[in-house]
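Try each task before you read its solution.

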Amino acid sequence: MNRTKYASLVLLMTLISGLAFPVGRIGMNHASPFLLMAVRFLIAGALMAAFTAKRRQPRGLRQWGQVALIGALNSAGVMGCAYYSMNWITSGESAILTFVNPLFVIVLGTLFAGARYGGRQWLGVAVGLLGVVVTFGTEFRVSPGTFIGLLGALIFATATLLVRKWGPTFDNAVMSAYQMLSGGVVLLILSFASEHPHLALNGTSVAALLWLIAVNSIVQFTVWFYLLRNSDPARTSAFLFLAPFFGVLGGWALVGESLHWYVGAGGALICAGIFLVNWQAKPRPERPERAPKVAGI
């Protein structure tokens, strides 16, 4: 895809990814976290499955198992950890921890997928990670939510590499549908097993749920899987450093969380890190070889 399309899709995806955290925080004022996520993914997955019923479906136990595993990781694991962590930390902090994912993508890709990245990419990840830390500022506190958020980032990286590996064999929208359904089932089980499930239906909770279903599920996952299938996962994942920046801004705008000067400084470092990860030096043109001299000419 051309650069303009790629940049537009990445910006859209990171913006709505970041906003999922403060919107989820609003929804959690009226619902238990696992049940809120279960309802979100089950409804969104069912709508997508109906819409894509005539497209190429997964075949055989192996492909259905792959979709189910991606859903368990990408929907239940990542978002379950992210929202559950907000019992201890703010939505902005949860977003920051979840989107440490690009660092894990490069590390896991190097260790297990045979990927090779140069010093510039590793430097970019380090600078982007520094930007995430700076965005936290001086309010960072270690709590159970901290470790749950980091676990979500590790699960996110694992799911990212699996989507890159298995994704080309699936229709993009079909995979989005069934991974959300499988993730919703896992979250529903977790809800009844580990919390007191409740969901109060009112104007605010319904509006938050509709946003999470339509924008943060159907649109976000479809765009994300499309990007992973058509680009390098490490470079695309590097742009996810922007999501916590949008998450912190969204937490300030939507739920009144604190916003400080260091958020801007962290955002600048995040952008620098993304540039370094994605910057590819142009190859130098080869100098034409001079023809050997021949005696008498």
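**Exercise 1. Find how many salt bridges the structure holds, and which residues form a salt bridge.**

Step 1. Take the criterion: a side-chain nitrogen of Lys or Arg within 4 Å of a carboxyl oxygen of Asp or Glu. This is a predicted model, where local features need pLDDT of at least 70 and side-chain atom pairs count only at pLDDT 80 or more, while totals for chains, interfaces and linings use all residues. Side-chain values use heavy atoms, without hydrogens and water, and residues are numbered from 1 along each chain as its sequence is written.

Step 2. Apply it: the structure holds 1 salt bridge. Its partners are Asp171 and Arg55, whose closest N and O atoms are 3.4 Å apart.

Step 3. Helices here are DSSP runs (H or I, at least four residues), numbered from the N terminus.

**Exercise 2. Is Asp171 buried or exposed?**

Step 1. Recall the classes: buried is under 20% relative accessible area, exposed is over 50%, and partly exposed lies in between (1.4 Å probe, protein chains only).

Step 2. Asp171 has 18% relative accessibility, so Asp171 counts as buried. Arg55, at 39%, is partly exposed.

**Exercise 3. Check the span of H1 against its residue count, then look for a bend.**

Step 1. The expected span is 1.5 Å times one less than the number of residues.

Step 2. For the 25 residues of H1 this gives 36 Å, and the end C-alpha atoms are 36 Å apart, so the two agree.

Step 3. Now the bend, the angle between axes fitted to the seven residues ending at a residue and the seven starting there. H1 bends by about 30° at Ala20, and the proline Pro22 follows within four residues.

**Exercise 4. Which residues lie nearest the centre of the largest cavity, and which elements line the cavity?**

Step 1. A cavity is a set of points on a 1 Å grid over the protein atoms alone where a 1.4 Å probe fits but cannot get out; lining residues have an atom within 4 Å of a point.

Step 2. The lining has 15 residues, with Ser17, Met79, Phe156, Gln220 and Phe221 nearest the centre. Helix H1 (3-27), helix H3 (60-85) and helix H9 (203-229) each give two or more residues.

Step 3. H1 supplies the largest share, 4 residues.

Key: 1 Å grid on protein atoms, 1.4 Å probe; cavity = no way out; pocket = protein on both sides within 12 Å on 5 of 7 lines; lining within 4 Å.
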